[in-house]
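Then we will turn to its surface.

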Amino acid sequence: MDMRATTTGQELLIPLTALRPSRRNVRKSGGTPIRQLARSIERVQLLHNLVVTDSGDGKHYDVEAGKRRLKALQLLAKRKRLPKNHAVRCLLVPDEAALTASLTENTQREDMHPADEFEAFQKLAEQGQPIEDIAADFGVTPLTVQRRMRLANVSPRLLADYRKDQVTLEQLMALAVTDDHRAQEAAFYDVPEWQRRAEALRGHLTAQDVDAARDPVARFVGLEAYEAAGGGFARDLFADEGHGIYLHDRALLDKLAVDKLAGTATDVELEGWAWIEVVPRTTLSELYVFQRVQAKRRKPTVREGRQIAKLEKRIGQINAVLQAEDGEIDEPEANTLQEEAERFSAELAGITQSLTVYAQKAKAIAGAVVTVDSQGKAVVHRGLVREADAKQIQADTGKAKAVEKNGEKEQAKPQGSVSEKLARQLSAHRTAGLQAELSRNPTVALVAVVHRLVLRLFYDQRHAETPLQLDCTVQDRLDRFAPDLAGTPVVVVLAEAKQAWRDRLPAVAGELFAALRELSQDDLLSLLAVCAADCLDAITPHEADTQASELAAALDLDMTQWWTATAAGYFAHVSKARIIEAIKSFAPKEAHQLEVMKKGELAGTAERLAAGTGWLPEMLRKAA
């Protein structure tokens, strides 16, 4: 045995070739992967000796505790990172104590508290070790090292409470979005316990910042340009890729957006508008203060028509591939096709925009606003008439008509008047005649209906004097009931539909009826649909309410296109039992083990599991 080892008491330096795993080792699985452990041993050497017994064959020692370390050493020798006869520090124990030694090593060790690990990583970095080297030593990614160092930088008071289980890891990760210890402590300790959810803490600490992933102007400018201009920002290392960047300087961001919009504004200025304004942010309600000059749509040239048909066909082909249920397409190819479709769509939109023309007379009084839309793209709102200009146009129009028809008015002035009773009687007859004629003329009837609705919706004339008695209560404040509606696709679709008609309707309400008579029946029906949609009200306080069921069935409404289950939008507002019931329907294997979670954590987990499943609560599902 002396040729195999150098003995110092019970500690031995044994050649690696003389070591073999014991069948009595109690660990059968688990632990750090062998390759990661090998990299760690190569960099920092073997920190814990192996526990061995004498095999009795005169050649080997059996490793009773440390089988994974042995495999890692053998891997290093195989890769020629260690000599085959590398001396390994071992502790020799009697054969009868082998099983006890193996069990003791694997059960009596106490793991470090995570906070100790955070601080240890930070100290290694402070000593000058590169993050990549630390990651290699411990078999983790550089991002994991950065995250642990960020957690070590949280307020000492909060870390102390984390050690006492008075702060959760999720809360600690949310607080780490800032390095300001006073702000961290205020966000956590100055609010009631029920406001200490991770999402609420993160929101409090970033309330004055701009979320680069969600803010359209931030997406338009780009993080690289903002950072190059000296803009400060915080990065949430625990957010998903592409998220968790919060910009501190909103004023700088908006200035950069204005600078980037300048090129678009120059092009629009060449169109001959009376005025141009560049603003990085605007809302549809702010644009509603303007009246609009009427635009006309010219027929496309033969070349334009061919190009439109070609683009529409190609976009349709791409969408068919992307939406095919049985299509075998990987993610990179899908992304490429999506980008191609967006490029073609932008080209198609450009051609379509070029078909919209304004009279030079209209451009002499109207202007354009160049801004950023909800998708983070530059957009131009043309044909806008300021309120003062609109009033002047109406006044001038009224004076001209009065001068032109002055003689006729004097001639038509009545010499006397009938009684109120007779006036009612005569007008009743006229009403009956109008009703009879209108009932036989659907085109004029459609014009009348649309005329009344458009006056209310687009010209804000609640009590306009028209013979047709219709009313429409515009439902434009749904966000009072659903704050998470803002900026969603359904809101954008409705806004774009209305904006398209605003661009076509005359600026002055008095010219509306004549303009509607010039529209085709298909266009009138289209406009009627837009008006009716904005007046639809299906809000109810009762889940079982079926007042909108028939309409939903007629429309074949599929709410998976417009709604996604989230913690904030659904799960946080129902009971734990209902969350578990929902999870059983879209992630049945996960449901049972999640029952022990607190409601806040459970809601967030449910959101993650529901993503991409198309799950809907009963109230939003199609009727059977």
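Two strands count as paired if DSSP finds at least two bridges between them. Keep that rule in mind for what follows. The model is predicted.

Start with strand β10, residues 275–278. Its partner is strand β14, residues 367–372. The two run parallel, and 4 bridges join them. Who faces whom? Glu277 of the model stands opposite Val369 in β14. Ile276 stands opposite Ala368 in β14.

Now widen the view. β10 and β14 belong to an open sheet of 4 strands. The order is β10-β14-β15-β11, and the pairing is mixed. Which strands stand at the edges? They are β10 and β11, the latter covering residues 291–292. Each has a single partner strand, so one side of each is left without a neighbour in the sheet.

Stay with β14 and look at its other partner. Strand β15 spans residues 378–385. It pairs with β14 in the antiparallel sense, over 6 bridges.

Is β14 buried or exposed? It is mostly covered, with 6 of its 6 residues buried. Both faces are covered. On one side lie Gly367, Val369 and Thr371. On the other lie Ala368, Val370 and Val372.

Next, move to strand β5, residues 61–65. This strand is mostly covered too: 5 of its 5 residues are buried. β5 has a parallel pairing with strand β3, residues 19–21, over 3 bridges. Pro21 has Val63 as its bridge partner in β5. β5 also pairs with strand β4, residues 50–54. These two run antiparallel and are joined by 4 bridges. Val51 stands opposite Ala65 in β5.

β4 and β5 make a hairpin as well, with 6 residues between them. Gly56 sits in the turn, with a positive phi of about 85 degrees.

Why does Leu50 count as buried? Its relative accessibility is 0%, and buried means under 20%. Leu50 and Leu12 are 38 residues apart along the chain. Their C-alpha atoms are separated by 9.7 Å.

There is another sheet to find. It is open, with 3 strands in the order β7-β9-β8. Here the pairing is antiparallel. The edge strands are β7, residues 210–211, and β8, residues 233–235. Each of them pairs on one side only. β7 is joined by 2 bridges to strand β9, residues 245–247. Val210 has Leu247 as its bridge partner in β9.

Finally, look at the surface. Arg35, Arg39, Lys78 and Arg79 form a positive patch there. Arg35 is found in helix α1, residues 34–44. Is Arg35 buried or exposed? Arg35 is exposed, with a relative accessible area of 57%; the cut-off for exposed is over 50%.

A nonpolar patch is formed by Val493, Leu557 and Trp562. Together they have about 260 Å² of accessible area. Val493 is found in helix α22, residues 489–502. Its relative accessible area is 42%, so Val493 is partly exposed.

Notes
Residues numbered from 1 in each chain as written. Predicted model: local features only at pLDDT ≥ 70, side-chain atom pairs only at ≥ 80, totals over all residues. Heavy atoms only, no water. Patch = residues over 30% accessible without salt bridge, like charges linked within 9 Å, V, L, I, M, F, W, Y side chains within 5 Å. Areas by Shrake-Rupley, 256 points an atom, 1.4 Å probe, with all protein chains shown as cover. Salt bridge = Lys/Arg side-chain N within 4 Å of Asp/Glu carboxyl O. Lys, Arg positive; Asp, Glu negative; His and termini not counted. Charge placed at Lys NZ, Arg CZ, Asp CG, Glu CD. Buried < 20%, exposed > 50% of the residue type's maximum accessible area, 1.4 Å probe, protein only.
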